[in-house]
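This report is for a reader who is new to the structure shown here. Please look at the sequence and the model before reading on.

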Amino acid sequence: MESGIILKGIGGTYDVQTESGVISCRLRGRLRLRDDRVLVGDRVEISREPNGETGVVETILPRTKELLRPAIANVDQVVVVFAVQNPIPNFLLLDRILVQAELLELSCVVVFNKGDLDPRAASEYQDFYEKISYPTVITSVVKDEGLDALKGLLKGKISTLAGPSGVGKSSLLNALDPNLDLETGQVSAKAQRGRHTTRSVQLLLLGDGYVADTPGFSKLSLGPDQQRDLQFAFPEFGPHIDGCQFRGCLHHHEPRCQVKDAVQAGAISARRYEHYLVLLAEAAPKY
Ligand SMILES: Nc1nc2c(ncn2[C@@H]2O[C@H](COP(=O)(O)OP(=O)(O)O)[C@@H](O)[C@H]2O)c(=O)[nH]1
Ligand SMILES: [Mg+2]
Ligand SMILES: [Zn+2]
């Protein structure tokens, strides 16, 4: 048996990346009966058909994770891509994506692309997110900067990209592997909808890692059961949470709150705290 990872699946045929290349496989009959379908990202064991070229997926190994949008198994991390300029970053959206990822217990990497357009802002943004503990890289596709650092962060992992359109996600992937030849440039909203409905997710092998080609996340919002969990999605709150006077303090209207004290003292950024309050309100139960 050979082991591999599912890159894509169309009409019952699955491309499996193995040590000896990509093998086109069908599923062993009993796997077709399972209701938890085979997902892109699944680690599998395959055997070869008598022709020696195509294969059969015999076993699906246990999943560490399962994402719904995009539907991928075994995702290790979310690579959150924003542009330094054009478009300027929407930090509420950025923090929202980080929070979604934290709640799913996925690690995050932050990328500020188009660093060429404003290097000073780029390094300010980088410092901000590094301080919160997120590995952050500045990249420029046009100046060929930061691409090795990004490649290093993808190494050995399954990553999914997140971030608004136009920030250069496809350009970055092309720069990491020119063979990909992904479409870049402004795509109209209509064309994008059309494409999303017809294409299914696939993993791209980039150097030593895998990246999903379909960006996810930005549309997800918080549910009412996540109000209490939200504070744990802000890593910089961690050292302060235990010091609040009230058990179950949500760090909003409660007195003697160490998180609010830390905001006052500048140890927690006022902007991050503001975004915490926005998301807390969204997650509040509606009576
Ligand atoms: N100045 C500059 N422009 C870039 C850079 N990366 C991408 N772009 C441009 O930004 C636009 C959007 O890129 P694209 O890859 O389609 O973004 P996506 O929607 O996130 O996939 C294209 O016109 C790219 O040429 C960069 O590093 N610097
Ligand atoms: Mg794109
Ligand atoms: Zn508190």
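The text below covers a metal site, a pair of helices and some backbone details.

This is a predicted model, in which local features need pLDDT of at least 70, side-chain atom pairs count only at pLDDT 80 or more, and totals for chains, interfaces and linings use all residues. Residues are numbered from 1 along each chain as its sequence is written.

The zinc ion (ligand 3) is held by Cys244 (SG), Cys249 (SG), His251 (ND1) and Cys257 (SG) at 2.1 to 2.4 Å. Donors are N, O and S atoms within 2.8 Å of the metal (3.2 Å for Na, K and Ca); water is not among the atoms, so sites may look incomplete. The spacing of the donor residues in sequence is C-x4-C-x1-H-x5-C.

Helix H4 (residues 147–154) and helix H5 (residues 169–176) have axes that come within 10 Å and cross at roughly 90°. Helices (H or I, at least four residues) and strands (E, at least two) are DSSP runs, numbered from the N terminus. Axes are lines fitted to C-alpha atoms, for helices over the stretch in contact, and angles run from 0 to 180 degrees between N-to-C directions. Contact means heavy atoms within 4.5 Å.

A cis peptide bond joins Asn86 and Pro87, with omega about 0°. Pro87 lies in the loop between strand E8 (77–83) and helix H2 (91–103).

The table gives relative accessibility; buried means under 20% relative accessible area, exposed over 50%, partly exposed in between (1.4 Å probe, protein chains only).

| Residue | Relative accessibility | Class |
|---|---|---|
| Cys244 | 10% | buried |
| His251 | 0% | buried |
| Asn86 | 52% | exposed |
| Asp181 | 64% | exposed |

Key:
Chains lettered and ligands numbered in written order. Heavy atoms only, no water.
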